[in-house]
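Dear colleague,

Please find below the structure that I am handing over to you.

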Amino acid sequence: MRLELDAVSKRYGSATALDSVSLSVDDGEFFTLVGPSGCGKTTTLRCIAGFESPTEGTVRFDGESMAGVAPESRGVGVVFQNYALFPHLSVGENVAYGLRFTDPPGGGTRDERIAELLDLVDLAGFEDRDPDSLSGGQQQRVALARALAPGPNLLLLDEPMSALDARLRDRLRRQVKRIQSELGVTTVYVTHDQSEALAVSDRVAVLNRGRVEQVGRPRELYHRPRTRFVAEFLGENNVLDAVVESRPETGGIRVGVGDAVFTLAEGRRVLGQGGSASGDRAESDGRDGGRPARPAPGDELTFCVRPEQLRVGAETNRVRGTVVDTEFQGATTRVRLDWGETELVVAVEDGGEESAAGFEVGTTLDIGFAPASAHIVE
Amino acid sequence: MSRVSVRRVVRVLEQRLLTLVAALTAVVLLVLFYYPVATVFADAVLVDGRPTVEPIAAILTSEFYLVDIIWFTAKQAFYSTLASLALGLPAAWLFSRFEFRGRETLRSLTILPFVMPSIMVAIGFVATFGRNGTLNRALSAVGLPPVELLFTLEAIIVAHAFYNAPLVARVVTAAWESVDARTVETARSLGANPRRAFRDVVLPQLLPSIGVGATLTFIFTFASFPIVLALGGFQLATIEVFVYSRVRDLAYAEAASLAVIETVISITLTAVYLRYEASQRSAGGAANPLPRRSVVPSDWTPKSALRTAGIAGYALIVGLVFVVPIASMVLASVTGGDGGFTLANYAFLAERQATGASFQVKPLPAILNSLAFAAGTLVVAVPMGVVMAVLTTRRYRGRGLIDVLAMAPFAVSGIVVGLGLLRGLVFGVDVLGTRIRVTGALAIVAAHAVGAYPFVTRNVAPLFARLDGRLVESARSLGATRTRALVDIELPLVWTGVVAGAAFAVAISIGEFDSTIILAEGAGSYTMPIAVERFLGRRLGPATAMGCLLLLVTSASFLVVDRFGGRWGEL
């Protein structure tokens with residue numbers, strides 16, 4: 001099923017929870033809404049499910065407006081963060097609840113359908129158990145089986161993993177993703193965890209203060225964030241405010257940050273005319289049509305460089321900083337440098353037990369980055 | 001009709017059912033509560049169809065009304081509140097800070113006085129403090145002169161404390177148990193001694209609940225009727241009693257004006273109370289409650305001995321106030337004039353049943369009427385209360401107004417509702433040229449239901465509020481209509497509250513006195529409390545016997561509903 005949100009706004013009194021959100025989710029797609037708490041992602045989900053009705057705008061399922069359609073008539077499966085299993089019903093009865101109102105899809109009996117779904121979530125034989133006797137991860141899988149039992153057109157997952165510990169979360173996430181692609185059910189996933197969003201989604205919408213900041217494939221968002229918010233929200237990033245100094249014949253842009261001067265390659269974002277350059281889905285963004293294509297000397301701009309793009313001893317765009325602190329993270333070590341203007345985070349690949357030598361607090365370090373690895377944001 | 005279209009009709013009905021019942025509840029409230037109350041107000045401000053302030057002004061400028069009635073009403077309510085606090089606060093201390101056998105049981109028993117028919121409690125007090133009551137018998141047995149406590153302010157105050165001290169104990173215990181021990185430990189580690197820590201940390205957390213208990217007590221005792229009528233007579237009359245006496249004299253305008261003044265005061269107090277309550281609703285059990293100690297100290301120091309003696313003395317007073325009146329009533333019902341055991345009082349009731357004249361009060365119709373009205377109340381009040389609970393636990397525009405409108409019956413006395421029903425629907429109302437009249441029996445059920453449903457709501461609403469809204473949302477996304485979600489998911493989860501509310505409704509209906517005495521006409525509609533009051537006016541013996549029957553029926557109904565519901569709750 002294809003899901004569309006057309007300029008959906010939701011206001012509570014004078015507070016705006018959603019501000020003209022437009023999205024479109026393809027049939028069978030795993031689509032994620034990500035953003036900090038209060039960004040409107042859960043409100044969006046509730047408007048889709050029909051628990052809230054938009055103040056303005058339209059939600060469409062396969063082109064059909066859902067205005068005035070009750071939640072029970074939408075054919076939507078919902079899984080909540082706290083599972084919301086019916087405590088007075090057994091696991092089997094929970095899964096069977098949706099089958100009270102519709103015949104089991106696939107033509108089998110109700111019991112066959114329950115067994116099939118419990119099997120799907122690796123809980124075969126749990127029919128008669130009490131939901132309270134299950135672990136959090138098991139409860140979450142029952143909730144998933146319950147939501148899928150009536151064969152929904154759309155699966156909505158509202159932070160389904162956030163109550164679980166990290167290891168379990170990773171495993172369950174893969175399982176959800178596997179089941180979703182097996183069944184091919186269109187899925188909208190809400191999370192505040194950006195790494196989760198990048199890991200499982202076909203596409204991701206980043207929401208901030210009730211607005212869509214950017215929609216795109218995970219790699220696209222990571223490497224070419226359109227706004228400062230997206231650049232800072234997804235992964236770690238060094239975001240720098242600069243002033244354009246000149247545009248040399250040899251190409252690129254020379255910008256100044258304080259006393260330092262950097263050369264940036266002109267990325268597609270800067271050269272291209274508006275949103276169509278940013279990705280293959282112009283309909284979902286396209287707010288940047290009026291942006292000047294070529295920054296002129298004196299213009300202010302903001303660019304970002306990922307920590308892993310900053311290299312110790314690189315030839316270009318060199319700056320010297322003092323180590324403020326280090327965090328060992330396994331594959332890499334995050335080194336925080338004070339460089340006069342601001343702090344920079346450098347990810348240094350770990351080279352074994354003794355490799356941290358030279359990164360002690362207080363030592364100076366020369367780092368730099370390739371012009372092409374910087375990315376200009378709005 | 002085909003099966004599919006039947007299904008569709010059922011579904012549409014289901015989708016609208018909740019709205020429908022809510023609308024029905026609103027209509028019932030409008031017709032059976034707001035309209036009657038408005039009738040009373042109209043009686044007070046309309047003379048021959050013209051608006052006037054004369055009746056109310058006459059009362060507010062009369063020294064008799066201002067001093068003897070209104071001031072006395074406030075005064076006795078104030079003293080009653082003090083007495084209830086004095087009797088209830090030590091109980092809260094014991095319940096929350098001590099461990100002793102039967103603590104949980106005793107704590108749940110504190111709900112009982114609330115559902116006891118007030119006229120029965122009044123009988124109990126007459127049997128205890130009357131000229132030939134238990135107290136004077138005990139005094140004369142040890143050679144002391146008798147005391148006259150009946151028809152004094154003191155008797156009224158003690159009886160009010162019987163009702164309201166348990167209430168104070170309940171709310172304050174809940175607050176005390178939710179005090180986090182870590183806050184006290186923090187204060188101690190910062191240098192406060194135990195007394196200082198209590199004053200600075202514990203007391204501020206208790207004060208709101210003490211305020212709630214005191215305000216509620218004041219509201220209830222301000223509008224107290226049967227207790228004052230039986231223990232004070234017309235010499236010590238509260239507004240409520242005087243309204244009743246005016247109604248008996250058919251002085252409706254004066255009665256209405258007094259009732260309006262009382263209602264305005266009560267509603268103001270209730271509004272204050274609701275505001276108070278809202279600000280401290282979050283109180284739940286603390287994760288780390290204060291530790292309990294044994295009532296019998298492990299090592300005897302002068303301090304611990306004093307404490308134990310104090311607790312023992314308090315237990316004695318509690319026994320005197322709570323157990324003795326009920327025991328006295330039972331005892332008096334089987335005691336003859338010579339002090340020996342007799343069943344004459346019950347024989348009198350049986351004889352009256354067999355040979356009584358039609359104008360005389362017979363026991364059996366009273367019992368049957370009480371049960372019938374209780375059943376009627378159950379049928380009306382439980383759905384109303386449940387729907388109100390659903391409405392008052394959801395967020396929507398105008399929710400505050402609904403809360404107040406729905407809880408208004410709490411603040412308006414039964415006398416006013418009864419008077420309004422009598423002057424309106426019972427006497428007859430012209431609607432579009434047709435004269436509509438309801439019988440006294442119907443009006444009584446209406447008045448009982450209006451008085452009882454807030455208790456259903458109050459029992460059910462907290463459980464609804466604790467339910468995760470996502471349960472209903474999950475059910476709905478799985479295809480259940482709002483009504484189906486209520487029936488399949490919510491009701492099974494709040495069932496204990498519904499049962500408790502139903503038990504309350506039955507007990508309140510059986511014990512209701514205020515509106516019943518105004519609406520009961522002839523043999524068709526008098527109830528057991530009315531019968532008790534009629535007997536009380538003439539002779540104590542049969543009244544105590546009738547009171548014992550009332551006690552029996554009330555307890556039995558309460559238990560039956562509770563038991564019946566308990567069994568269903570397990571399904």
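In chain B, the centres of domain 1 and domain 2, taken over C-alpha atoms, are 24 Å apart. Domain 1 of chain B covers 8–38 + 361–571, and domain 2 of chain B covers 53–285; such bounds come from an automatic or database domain assignment.

Please note that this is a predicted model, in which local features need pLDDT of at least 70 and side-chain atom pairs count only at pLDDT 80 or more, while totals for chains, interfaces and linings use all residues. Residues are numbered from 1 along each chain as its sequence is written, and chains are lettered from A and ligands numbered from 1 in the order in which they are written.

Between the two domains of chain B, 29 residues of domain 1 are in contact with 27 residues of domain 2 (contact: C-beta atoms, placed from the backbone, within 7 Å). On the domain 1 side, α25(B) gives the most, with 8 residues (helices are DSSP runs of H or I, at least four residues, and strands runs of E, at least two, numbered from the N terminus). That side of domain 1 of chain B has 21 nonpolar, 5 polar and 3 charged residues (nonpolar: Ala, Val, Leu, Ile, Met, Phe, Trp, Tyr, Cys and Pro; charged: Asp, Glu, Lys and Arg; polar: the others, Gly among them).

Between the chains, 20 residues of chain A are in contact with 16 residues of chain B. Strand β6 (residues 76–79) of chain A supplies the largest share of the chain A side, 3 residues.

Yours sincerely
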